[in-house]
Amino acid sequence: MPEPARAAAPAAVVKEPPFIRIEGVTKRFGTFTAVSDVTLEIQKGEIFSLLGGSGCGKTTLLRILAGFEDPTEGRIFIDGQDMTDLPPYERPVNMMFQSYALFPHMTVEKNVAYGLKHEDMTAAQRQARVREMLALVQLTEFSHRKPHQISGGQRQRVALARALAKQPKVLLLDEPLAALDKKLREHTQFELMEIQEKTGTTFVVVTHDQEEAMTLSSRLAVMDKGRIMQIGTANDVYEYPNSRFVAGFIGSINVLSATVREVKGDLARVDVPDLGDTVDARAIPGLAPGQEITLAVRPEKIALSRTRPEAANAFAGTVQSLAYFGKDSLYRIALPSGRVLSVNSVNARRVDETERVADWEDAVFLSFDPATAILLKD
Ligand SMILES: Nc1ncnc2c1ncn2[C@@H]1O[C@H](COP(=O)(O)OP(=O)(O)OP(=O)(O)O)[C@@H](O)[C@H]1O
Ligand SMILES: [Mg+2]
């Protein structure tokens, strides 16, 4: 077969220099290390999220970017300039704090204008900018109300308008949607994305909510104990996690101990005692026969069937329990070894009792595509 035609490789890939560069930043409070040797590059116009559990150092890193905290080690560059020794007000950065800190006695309009207090502008310019910002966040008709006369989502937008009024090159947002209920949060996520697109401002968002980070971000960094564990798009970190921590933090996943048997091109065959068989999985660099490794498979990548499918990875089990959630069902499948795996099955058709793939205590088969089986070294 002839080689498929390939486009000529570009002579030199021109990559934009990073807009923000965090270089080897460490922050210690006494003997406690809150941020540990973080190096990170963010491009202009990105919505970049810092994602991690409580206390992992997200706010501290954001405060270092804003200049409210000095790094113990390392440097901060924005737009090619070293910011490390500059105070907050000399940086092209604005921060939207977790509690929006609106002034209760001031109208929406005055709250937004307050963001321009130190700007060298005429009254007319200031008024024009406030109007522009209120239009941007669709609050023009609420400009004369006070914060207690508008909804939580609208307050969030006032805070956003105030933070954007100075037209910072970088906007830092610390848990911007945490105060909103689930429905409003989802809606506001899309508004944030639209506003980011309209203004072209680079957003750095802190969140502990993985769904939010995945929806909002062009890229995200997963943090743990002050360190960056992985940086990538939502798809990268979900489909190609680089560690057990990231695999478990983003979504849910079945994790099994395995030993490498052989590697053939893109695939690795591993022995998995809990499955009582070998499994074909996507190979990762640096595998050697005999190596102990972790096999991880997401619940929604596993198919259930009544008869043994013709698949490389197919195993018998018994339905131990099942939970029906409407759009999908979660099955717990017991293997002969005693291990129980989670399987998530989308209910595309209307399901009634007789139509289910499997019911409690049914004998079933599990199968998954080798490309969806993840191998993790640590
Ligand atoms: N000024 C300080 N002095 C001492 N320790 C601090 C200080 N500020 C933060 N820390 C500690 O540093 C760690 C990281 O704090 P940080 O506020 O960055 O966490 P976070 O990731 O934003 O968490 P959360 O999601 O709960 O807001 C925590 O263990 C915290 O107690
Ligand atoms: Mg925080």
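Modeller: Let us begin with a definition: two residues are in contact if their C-beta atoms, placed from the backbone, lie within 7 Å. Helices (H or I, at least four residues) and strands (E, at least two) are DSSP runs, numbered from the N terminus. This is a predicted model, in which local features need pLDDT of at least 70 and side-chain atom pairs count only at pLDDT 80 or more, while totals for chains, interfaces and linings use all residues. Residues are numbered from 1 along each chain as its sequence is written, and chains are lettered from A and ligands numbered from 1 in the order in which they are written.

Biologist: Which residues of H3 and H4 meet?

Modeller: From H3, Arg129, Val130, Met133, Leu134 and Leu136 are in contact with Ala161, Leu164 and Ala165 of H4. These residues comprise seven nonpolar, no polar and one charged. Here Ala, Val, Leu, Ile, Met, Phe, Trp, Tyr, Cys and Pro count as nonpolar, Asp, Glu, Lys and Arg as charged, and the others, Gly among them, as polar.

Biologist: What are the crossing angle and the distance for the axes of H3 and H4, and why is H3 called oblique to H4?

Modeller: The axes of H3 (residues 123–136) and H4 (residues 152–165) cross at roughly 135° and come within 9 Å. H3 is therefore oblique to H4: angles under 35 degrees count as roughly parallel, over 145 as roughly antiparallel, 65 to 115 as roughly perpendicular and the rest as oblique.

Biologist: What makes H1 largely enclosed by the rest of the structure?

Modeller: Seven of its nine residues are buried, so H1 is largely enclosed. A residue is buried if 20 or more other C-beta atoms lie within 10 Å of its own, exposed if 12 or fewer, and partly exposed in between. The buried residues of H1 are Lys58, Thr60, Leu61, Leu62, Ile64, Leu65 and Ala66. Just after H1, Gly67 has a positive phi of about 95°.

Biologist: Which element supplies the largest share of the shell around ligand 1?

Modeller: H1 does, with three residues. Both strand E2 (32–42) and helix H1 (58–66) supply at least two residues of that shell. The shell divides into four nonpolar, seven polar and one charged residue.

Biologist: How many helices and strands does the whole chain have?

Modeller: The protein chain has eight helices and 20 strands. Of its 378 residues, 32% are buried, and its C-alpha trace spans about 75 × 55 × 50 Å along its principal axes.

Terms used
Axes are lines fitted to C-alpha atoms, for helices over the stretch in contact, and angles run from 0 to 180 degrees between N-to-C directions.
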